Amino acid sequence: MYNTYMSNINNKKSYVETELAKEFLLLTPGDSLQSISYYEERFNVSRGTVQKAIKALGESGAVKIETRGRNGSFIQEIDYAMVQEYYGIGTIIGCLTMPASITTKGLITALYNNLNILDCNIVYARNAEIRIKMLKKGKCDFTVCSLHSALLYSKNQNDIKILFNFGPYTYTSERIKIFRDSSKTDFDTTMRIAYDSENDDYVGLMNFLLDNNKKYNLVETKTQRILKALRDNLVDAGMWSIDDAKTIDMNLGIAKITTPDVIDYTTAVLLVRSDDFLTQSLLEKYINISRVIKTQYEVVNGLREPDY
């Protein structure tokens, strides 16, 4: 009887600790705590259980709480990674595209720096469909892809949602067609055209640009190897991004892709599971769109080194 009673008390205390840790992840030093009475009612436990749970979090070193008498209690210091341990969510995993271009390097740097206060790890996968499947299966907590891919793979589904839209040219810069022959400005059937079937955005945009009534010579080429393939005379044409065209040391033909339809391919969005409210709250607290865009701009324009 005694052991059962003590077990119930300890279970309640652990439950309140976990719930408080979850709430503290969303607080900042200087923020005030709710009253003990509020937590009593919310968690349906005694005042003593709430006080013991708060004391345990403080003694762990995860949170330093300052009491100001009638003014209540305030967060003085907080170790977010340790709080994550208490809550039991572990490391937040983000699955991003490979850092193959300066634009994606800038975006990854920006997200990494926004989330470095948390225990967050970034993994990479080339294919947007794979990244979205990983998210749906719970193998990561958020992912980033183009708006085009997000709309393509979430159509008529409500299990994932777009949490952030970073705007045009944040996933890739303006897209260009590139040619070994500097006099060329458009694809034709005499060319060997680089085609990356594993890159959803490349496939989607390239299929949009090519005339369905013509038969082209498509040469399977990884996106990041297209320039080398041009240099080695393995292909005659392909698609690239204008920011990374600055690295081209060849006399290539370049033509901007001006159709408005390209915007969805260049726009970066961040996806989460619709029912993962904690991750949504954390990302909304720690990711600032203006700061992300500013950091990305600095990386793209050589004002800041990529850091991820």
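This is a predicted model: local features need pLDDT of at least 70, side-chain atom pairs count only at pLDDT 80 or more; totals for chains, interfaces and linings use all residues.

Biologist: Which strands does helix α6 lie across?

Modeller: Helix α6, residues 128-136, lies across β3, β5, β6 and β12. Its angle to β5 is about 155 degrees.

Biologist: And in what order do the strands of that sheet come?

Modeller: The order is β4-β3-β5-β12-β6. That is five strands in an open sheet, with mixed pairing. On average, neighbouring strands are turned by 30 degrees against each other, ignoring direction.

Biologist: Do me one pair. How many bridges join β3 to β5?

Modeller: Two bridges join them. Strand β3 covers residues 92-96, strand β5 covers 142-146, and they run parallel.

Biologist: Which residue stands opposite Phe 142?

Modeller: Gly 94 stands opposite Phe 142 of β5.

Biologist: Back to α5. At what angle does it pack with α12?

Modeller: About 135 degrees, with the axes 8 Å apart. Here α5 is residues 102-115 and α12 is residues 289-300. That angle makes α5 oblique to α12.

Biologist: Is the crossing left-handed or right-handed?

Modeller: The crossing of α5 and α12 is right-handed.

Biologist: Which residues meet there?

Modeller: From α5, the contact has Ile 102, Thr 103, Lys 105, Gly 106, Leu 107, Thr 109, Ala 110, Leu 111 and Asn 114. From α12, Arg 291, Val 292, Thr 295, Gln 296, Val 299 and Val 300 meet them. By type, that contact has seven nonpolar, six polar and two charged residues.

Biologist: New topic, the loops. Where is Thr 223?

Modeller: Thr 223 is in the loop between β9 (217-220) and α9 (226-231).

Biologist: Buried or exposed?

Modeller: Thr 223 is buried, because its relative accessible area is 15%, and the cut-off for buried is under 20%.

Biologist: What does Thr 223 touch?

Modeller: Arg 126, Asp 196, Asn 199, Tyr 202 and Trp 240. That leaves out residues up to four places away in sequence.

Biologist: Where are Tyr 169 and Asn 233?

Modeller: Tyr 169 is in the loop between β6 and β7 (175-179). Asn 233 is in the loop between α9 and β10 (237-241).

Biologist: How accessible are Tyr 169 and Asn 233?

Modeller: Tyr 169 counts as partly exposed, at 35% relative accessibility. Asn 233 counts as partly exposed as well, at 37%.

Biologist: Last one, Asp 79. Where is it?

Modeller: Asp 79 is in the loop between β2 (73-78) and α4 (80-87). At 34% relative accessibility, Asp 79 counts as partly exposed.

Biologist: What is Asp 79 in contact with?

Modeller: Gly 61 and Ala 62, leaving aside neighbours within four places in sequence.

Biologist: And how far apart are Asp 79 and Gln 280?

Modeller: In sequence, 201 residues. In space, 20 Å, C-alpha to C-alpha.

Conventions. Residues are numbered from 1 along each chain as its sequence is written. Side-chain values use heavy atoms; hydrogens and water are left out. Axes are lines fitted to C-alpha atoms, for helices over the stretch in contact, and angles run from 0 to 180 degrees between N-to-C directions. Helices (H or I, at least four residues) and strands (E, at least two) are DSSP runs, numbered from the N terminus. Angles under 35 degrees count as roughly parallel, over 145 as roughly antiparallel, 65 to 115 as roughly perpendicular and the rest as oblique. A crossing is left-handed if the near helix is turned anticlockwise from the far one by less than a right angle, and right-handed if clockwise. Contact means heavy atoms within 4.5 Å. Ala, Val, Leu, Ile, Met, Phe, Trp, Tyr, Cys and Pro count as nonpolar, Asp, Glu, Lys and Arg as charged, and the others, Gly among them, as polar. Buried means under 20% relative accessible area, exposed over 50%, partly exposed in between (1.4 Å probe, protein chains only). Two strands pair if DSSP finds at least two bridges between them.
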